[in-house]
Amino acid sequence: MRERQTHRDRLRAQEFEAFVAGAGGRLLHTATLLTAEPAAPVGANVRAQRLLCAALARTYAEWDGLRGEDPYDRTRQELAVRFARESWRHRRPLGGVLDRLAPLERLVLVLRLYEEVGEDRTAALLGLPADRVRAVCDRSIAVLRSGARGALGTAP
């Protein structure tokens with residue numbers, strides 16, 4: 001009996017390691033965008049790494065119960081929920097690409113544009129109406145565009 005359990009645990013660990021090897025880089029980039037930390041130099045995104053580690057730990061704990069659910073979607077959802085819960089701690093700019101945006105704006109923008117999550121699904125995940133998600137996404141894009149124009153020396 002114990003051998004069977006050990007074999008199952010090893011198989012579970014191997015499946016999870018394969019998932020992380022395949023999706024870990026993209027998930028880390030998503031977490032880095034959410035926390036607005038710079039991606040370079042290596043190790044500059046400590047909060048993103050912590051956020052991803054916690055999300056992956058949760059996914060691993062629920063691995064056997066996923067029952068056909070996509071582990072990438074589950075981990076991405078966990079990232080979003082953890083970031084939303086902890087975002088009040090992450091207010092100071094860190095030099096990342098999206099550091100000019102408020103946490104909700106970053107979350108919506110990353111889910112909609114980087115992760116390509118549909119508007120309705122993003123709204124359901126965040127508990128917001130779809131029109132609010134659309135408005136936040138549009139406002140975020142406008143803020144980023146105005147910053148890009150300012151950086152180029154042109155009038156907004």
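Author: A crossing is left-handed if the near helix is turned anticlockwise from the far one by less than a right angle, and right-handed if clockwise. Helices (H or I, at least four residues) are DSSP runs, numbered from the N terminus. This is a predicted model, in which local features need pLDDT of at least 70, side-chain atom pairs count only at pLDDT 80 or more, and totals for chains, interfaces and linings use all residues. Residues are numbered from 1 along each chain as its sequence is written, and side-chain values use heavy atoms, with hydrogens and water left out.

Reader: Which hand has the crossing of α2 and α3?

Author: Helix α2 covers residues 46-61 and helix α3 residues 71-86. Their axes (lines fitted to C-alpha atoms over the stretch in contact, with angles from 0 to 180 degrees between N-to-C directions) come within 9 Å and cross at roughly 130 degrees. Therefore α2 is oblique to α3, oblique being what remains besides under 35 degrees (roughly parallel), over 145 (roughly antiparallel) and 65 to 115 (roughly perpendicular). The crossing of the two is right-handed.

Reader: How far apart are the axes of α4 and α5?

Author: Helix α4 spans residues 103-114 and helix α5 residues 119-126. α4 passes α5 in a right-handed crossing. The pair packs at an angle of about 140 degrees, and the axes are apart by 10 Å.
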